[in-house]
Structure formats: structure tokens, C-alpha cells
Amino acid sequence: MSPNVNNTTFPNLLDLIAPYACRGCQNVGKVLCERCKNDIITRCQNLCPFCKKPATKCVCQNRLSLPPTFIFSRRSSTIGALVYDLKYRSARSAAKPLAEILSRTIPSSYQNLIVIPLPTIARHIRERGLDHTAIIARQFVGQYKQGSRVSRLLLRTNRATQVGSSRSQRLKQAQTAYAINPKIRISPESTYLLLDDIWTTGASMLSATKILQDSGAKNLILTTLALS
Ligand SMILES: [Zn+2]
Ligand SMILES: [Zn+2]
């Protein structure tokens with residue numbers, strides 16, 4: 001298969017007319033203008049992944065068993081559009097504003113944060129020509145506090161794809177989808193940030209969380225860019 005088929009997969013009229021239109025206001029310039037970016041950062045609220053309400057209004061009991069979780073947008077938002085641009089249309093310039101939004105919305109209190117991108121299926125990386133979550137993770141550590149870094153602590157173990165699978169299939173696949181990289185030691189004192197693009201059923205994040213916690217990552221925080 002050609003390694004770079006992504007540009008022809010999802011043609012978008014907007015890109016043909018205005019390659020650098022802001023995904024928020026459509027003004028020509030950047031993929032996300034400063035005004036729209038600041039607006040997103042100012043207005044965002046952390047959302048509960050289960051009831052999808054702002055966390056301050058959520059009463060979900062199962063959320064209490066989660067590590068601190070940060071999700072500041074819905075998939076239908078401008079952030080969701082930028083994730084789509086990066087993931088399916090190879091718009092690498094979308095990664096920087098996404099990383100900046102993350103670095104300014106996640107509490108700034110974490111020291112020496114170790115960011116673990118949830119690993120993408122190898123076939124998807126080949127087809128898209130990029131690993132979107134890894135790119136966002138790299139950009140994020142460049143913008144968050146000094147001392148943060150990316151770690152490939154999690155590995156992908158199977159080739160099963162989640163797209164189009166039923167919820168029960170997804171949960172089953174997710175249980176065997178990830179493993180700890182045997183070359184990397186887990187430090188119980190370190191804080192780990194598990195990063196993914198979209199929270200759909202949560203099966204992937206919850207499965208990866210369990211593996212990390214069972215392997216000794218005590219201080220864990222979860223972040224996805226958007227909630228489906
Ligand atoms: Zn704008
Ligand atoms: Zn809730």
C-alpha cells in the first residue's frame with residue numbers, strides 16, 4: 001500500500017478554497033487564530049466522560065474511581081475539527097494549537113510530567129502517514145512546564161481496529177490491545193499523563209489505565225482532546 005494515501009481520503013472543499021482558514025471563525029491565516037484559541041481556553045470546562053456534563057455538575061459515581069481526568073471539548077467542537085484535520089488529512093499545523101490548548105487548560109501544578117501517547121495501530125500510522133497522538137504529545141511537552149517529556153511506555157499488541165466495532169467488541173479488544181514496554185522502567189514517584197485524541201466508549205483509556213496502574217504507575221492523569 002502507498003504510505004501516503006491520506007490526502008485523497010477525505011477531500012474538503014474548505015481546504016481547496018482557503019488552505020489556512022481558521023477552524024473557529026474561517027478567517028484566513030492560521031488553522032486556529034489567536035482569538036479563537038484564547039476563546040476556547042477561556043471558556044472551556046472539564047467534562048465528565050460518562051454523563052458529558054461539566055465535571056462540576058456531574059454526580060456519576062464511576063467517575064470517582066477514575067484518576068484525575070481532563071477533557072475540555074466535544075468532538076463537534078473546533079478542537080474536534082482540528083483533531084480530524086490532523087488525523088485524517090495530515091494537517092500537521094493543527095497539532096501546535098491543540099497542544100497549546102492542552103498545555104494551558106491542564107493544571108500547571110504537575111512537575112516532571114511524563115506524557116504517554118495512547119499507541120495508534122501501526123497500520124493506521126502507515127495509511128495516514130503520521131501518528132497524530134504522538135505528534136500532539138511531542139508538541140505538548142515543548143509547551144508545558146520544563147521537565148516534561150514523552151515516553152513510549154505503552155505498546156500496541158494487536159491489530160484489531162475499533163472503528164465500526166460494537167461496544168462489547170471494543171471493550172473486549174481493548175483488554176488485550178496494550179502492554180507495557182519492557183524496556184522502560186515505571187517510576188512510582190513520577191506523574192504520568194495518558195493522552196488520547198477522542199474519548200468514545202472510554203474502553204481504550206480505561207484498559208490502558210488499568211495496565212499502567214497494575215504495573216506501578218501510581219500517579220496517573222488522563223487526558224483526551226475531545227469527547228464523542
Ligand atoms: Zn478564528
Ligand atoms: Zn458524570
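This is a predicted model: local features need pLDDT of at least 70, side-chain atom pairs count only at pLDDT 80 or more; totals for chains, interfaces and linings use all residues.
Visitor: Is H4 roughly antiparallel or oblique to H5?

Guide: The axes cross at roughly 140 degrees. Roughly antiparallel needs an angle over 145, so H4 counts as oblique to H5.

Visitor: How many nonpolar residues are in the contact of H4 with H5?

Guide: H4 brings Ile-79, Leu-82, Val-83 and Leu-86, while H5 brings Ala-95, Leu-98 and Ile-101. No polar and no charged residues turn up in that contact. The nonpolar count is 7.

Visitor: Does Ser-90 count as buried or partly exposed?

Guide: Ser-90 sits in the loop between H4 and H5, and it has a positive phi of about 55 degrees despite not being a glycine. Buried would need under 20% relative accessible area. Ser-90 has 22% relative accessibility, so it counts as partly exposed.

Visitor: Where is Asn-112, with its positive phi of about 45 degrees, found?

Guide: Asn-112 isn't a glycine either, positive phi or not. Follow the chain to the loop that Asn-112 belongs to: the one between H5 and strand S2 (114-117).

Visitor: What share of the protein's residues count as buried?

Guide: Zooming out, the protein has 9 helices and 7 strands. Of its 228 residues, the buried share is 49%.

How values were computed
Residues are numbered from 1 along each chain as its sequence is written. Chains are lettered from A and ligands numbered from 1 in the order in which they are written. Side-chain values use heavy atoms; hydrogens and water are left out. Axes are lines fitted to C-alpha atoms, for helices over the stretch in contact, and angles run from 0 to 180 degrees between N-to-C directions. Helices (H or I, at least four residues) and strands (E, at least two) are DSSP runs, numbered from the N terminus. Angles under 35 degrees count as roughly parallel, over 145 as roughly antiparallel, 65 to 115 as roughly perpendicular and the rest as oblique. Contact means heavy atoms within 4.5 Å. Ala, Val, Leu, Ile, Met, Phe, Trp, Tyr, Cys and Pro count as nonpolar, Asp, Glu, Lys and Arg as charged, and the others, Gly among them, as polar. Buried means under 20% relative accessible area, exposed over 50%, partly exposed in between (1.4 Å probe, protein chains only).
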